[in-house]
Amino acid sequence: MYVAVPRQLTDFKNYMKTKMMVAKYSEKVANQRRDYLQKISAKLIRHYDVIKLEDLKTKGLMRNHNLARAIANQSWRELRLMLEYKATWYGKQVVAVSPYKTSQRCSLCGYDDGKHELDVREWTCPQCHAYHDRDINAAKNILAA
Ligand SMILES: [Zn+2]
């Protein structure tokens, strides 16, 4: 027979204390992140008239349950919202661009090199022999869209 050991009040207090500390810490991190995003968005809006972003909604995000990825996506959405409302304040433009093939298409000649795995950071276009950094090439495609 199992006899439940009565929980001590101090155990409970410690448990609650730990829980509170974790909650406070998470809130602090979230605030820092938001603060950071506010600064970035303000800076971007100040310096650029048109800002183009990858539209994450069209990507198969639900496949990835990775926590870091989830936070990154959450931040991206927050940043986008901040950019959008700040853009309306200052008469700037925020455009969401479909990320479809942005990292596999050559930004110079338009050649479609097929899907690149995420670890492929650099590649050379087989058609025009342009050498590409994955992210810079994708950014050029987004800008051109
Ligand atoms: Zn090319």
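Among contacts between residues at least 6 apart in sequence, what percentage join residues at least 24 apart? In this protein the figure is 57%, where contact means heavy atoms within 4.5 Å.

Before you click on anything, some housekeeping. This is a predicted model, in which local features need pLDDT of at least 70 and side-chain atom pairs count only at pLDDT 80 or more, while totals for chains, interfaces and linings use all residues. Residues are numbered from 1 along each chain as its sequence is written, and side-chain values use heavy atoms, with hydrogens and water left out.

**The whole chain**

Colour by secondary structure: there are 3 helices and 4 strands, and they run α-β-α-β-β-β-α along the sequence. Helices (H or I, at least four residues) and strands (E, at least two) are DSSP runs, numbered from the N terminus. Of the 145 residues, 23% count as buried. Buried means under 20% relative accessible area, exposed over 50%, and partly exposed in between (1.4 Å probe, protein chains only).

**Helix α1**

Select L9, F12, Y15 and M16, which make a nonpolar surface patch with about 400 Å² of accessible area together. Patches take residues with over 30% relative accessible area and no salt bridge, joining like charges within 9 Å and nonpolar side chains (Val, Leu, Ile, Met, Phe, Trp, Tyr) within 5 Å. A salt bridge here is a side-chain nitrogen of Lys or Arg within 4 Å of a carboxyl oxygen of Asp or Glu. Zoom in on F12: this residue sits in helix α1 (residues 9–47) and is partly exposed at 39% relative accessible area.

**Helix α2**

Next, pick Y90 in helix α2 (residues 67–90). Y90 is exposed, at 56% relative accessible area.

**The zinc ion**

Show the zinc ion with C106, C109, C125 and C128, whose SG atoms are its protein donors at 2.3 to 2.4 Å. Donors are N, O and S atoms within 2.8 Å of the metal (3.2 Å for Na, K and Ca); water is not among the atoms, so sites may look incomplete. Along the sequence the donor residues are spaced C-x2-C-x15-C-x2-C. C106, in the loop between β2 (93–97) and β3 (122–124), and C128, in the loop between β3 and β4 (131–133), are 22 residues apart and link distant parts of the chain. C106 is buried at 1% relative accessibility, whereas C128 is partly exposed at 29%.

What is the geometry of the site? With angles of 106 to 111 degrees among the 4 donor atoms, the site is tetrahedral, a label that requires all angles of four donors to lie between 85 and 135 degrees. The ideal angle for four tetrahedral donors is 109.5 degrees.

**Loop stops**

Finish with the backbone. Most residues other than glycine have a negative phi. K101, in the loop between β2 and β3, has a positive phi of about 65 degrees and is partly exposed at 26%. H129, in the loop between β3 and β4, has a positive phi of about 60 degrees and is exposed at 60%.

Definitions and conventions: Tetrahedral: all angles 85-135°; square planar, octahedral: opposite > 155°, others 65-115°. Areas by Shrake-Rupley, 256 points an atom, 1.4 Å probe, with all protein chains shown as cover.
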